[in-house]
Amino acid sequence: MTTNIIGEIQKDHLREGLTKYTRKAFQMLPELDKPSILDIGCGTGVPTMELARLSNGQVIGLDISQPLLDELTRKIEDAGLSDRVKTVKCSLFEIDFPDESFNIIWAEGSISVIGFEQGLKVWRRLLKPKGFLVVHDGIDNMTKKLKQIPSCGYELLGYFTLTEDTWWCEYYGPLEKRIPELSIKYSDNPEALDVLDKEQQEVDMFKRNPKMFGSVFFL
Ligand SMILES: C[S@@+](CC[C@H](N)C(=O)[O-])C[C@H]1O[C@@H](n2cnc3c(N)ncnc32)[C@H](O)[C@@H]1O
């Protein structure tokens, strides 16, 4: 049921609206032929699928949540991309691929789980020489993060910001609009109402402190 309600809120559909920024970041990288890409904390794989479409490479989506990976597997099969896109259920604290496995590591909305500096440090060994790490993270502690990038052994290729206005117009605003009609539809379903309540709480958090919700792509 939870999967149905999430599908119906169309969070993926809302998230798809932000893939133009995934594209923008990918296009800032030099062209690579058949890159190997690891998408850490891939969730239902909105960026993973976009990376597969943008590259001609092999993409692995890694996440700790099996239900989210199941949804990604469905998308991979529907798109006929099973030969190029795989999923791995694993904690991002315990990634055990060999050193220098990937040309690109991608992490949207997941590095905060381990911490920006720690993520930079522990994922570095997974990159091939001249590999790229792309991180989409909160706008907080920008100055500190910009210093941590070179001190962890990376060269900053560039970065760009998604402002709180972008997040409101392209994500939280449309999400809030859907909640009342779905609350009526699912009024006799406590599990669905609980999901909707959590979504509303996130929207309310955004409204209380929108500046906290700006985000940055670091390459
Ligand atoms: C904000 S979501 C981002 C999902 C996806 N990258 C996107 O941009 O749409 C964060 C993801 O990190 C995953 N995650 C949280 N803790 C994790 C852990 N310890 N190991 C692996 N994935 C984790 C969650 O399951 C979730 O899918």
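The chain holds ten helices and seven strands. The model is a predicted one. With 219 residues, a compact globule would have a radius of gyration near 17 Å; the chain comes to 18 Å, which agrees. Along the principal axes, the C-alpha atoms fill a box of roughly 55 × 40 × 30 Å.

**The sheet**

Seven strands make up an open sheet. Their order is β3-β2-β1-β4-β5-β7-β6, and the pairing is mixed. At the edges stand β3 (85-89) and β6 (159-162), each of which pairs on one side only. From one strand to the next, the twist averages 15 degrees. Helix α5 (residues 66-78) packs on this sheet. There α5 touches β2 (58-63) and β3, and its direction makes about 170 degrees with that of β3.

| Pair | Residues | Sense | Bridges |
|---|---|---|---|
| β4 and β5 | 102-108 and 127-138 | parallel | six |
| β5 and β7 | β7: 215-218 | antiparallel | four |
| β1 and β4 | β1: 36-40 | parallel | three |

Individual residues mark these pairings. L38 stands opposite I105 in β4. I104 has F132 of β5 as its bridge partner. D137 stands opposite V216 in β7.

**A helix pair**

Helix α9 covers residues 164-185, and helix α10 covers residues 190-208. Their axes come within 10 Å and cross at roughly 145 degrees. The crossing of α9 past α10 is left-handed. Which residues make the contact? From α9 come Y172, L175, E176, I179, L182 and S183. From α10 come L193, L196, E199, Q200, V203 and F206. By class, this contact has eight nonpolar, two polar and two charged residues.

**Around the ligand**

How many residues surround the ligand? There are 17, and the closest are G41, G43, I64, E108 and G109. The shell divides into eight nonpolar, six polar and three charged residues.

**In brief**

The open sheet has seven strands with mixed pairing. Helix α5 packs on that sheet. Helices α9 and α10 meet in a left-handed crossing.

Key:
Residues numbered from 1 in each chain as written. Predicted model: local features only at pLDDT ≥ 70, side-chain atom pairs only at ≥ 80, totals over all residues. Pairing = 2+ DSSP bridges. Helix = DSSP H or I, 4+ residues; strand = E, 2+ residues; numbered from the N terminus. Near = placed C-beta within 6 Å. Nonpolar A, V, L, I, M, F, W, Y, C, P; charged D, E, K, R; others polar. Axes fitted to C-alpha atoms, helices over the stretch in contact; angles between N-to-C directions. Left-handed = near helix turned anticlockwise from the far one by under 90°. Contact = placed C-beta atoms within 7 Å. Rg over C-alpha atoms; globule rule 2.2 N^0.38 Å.
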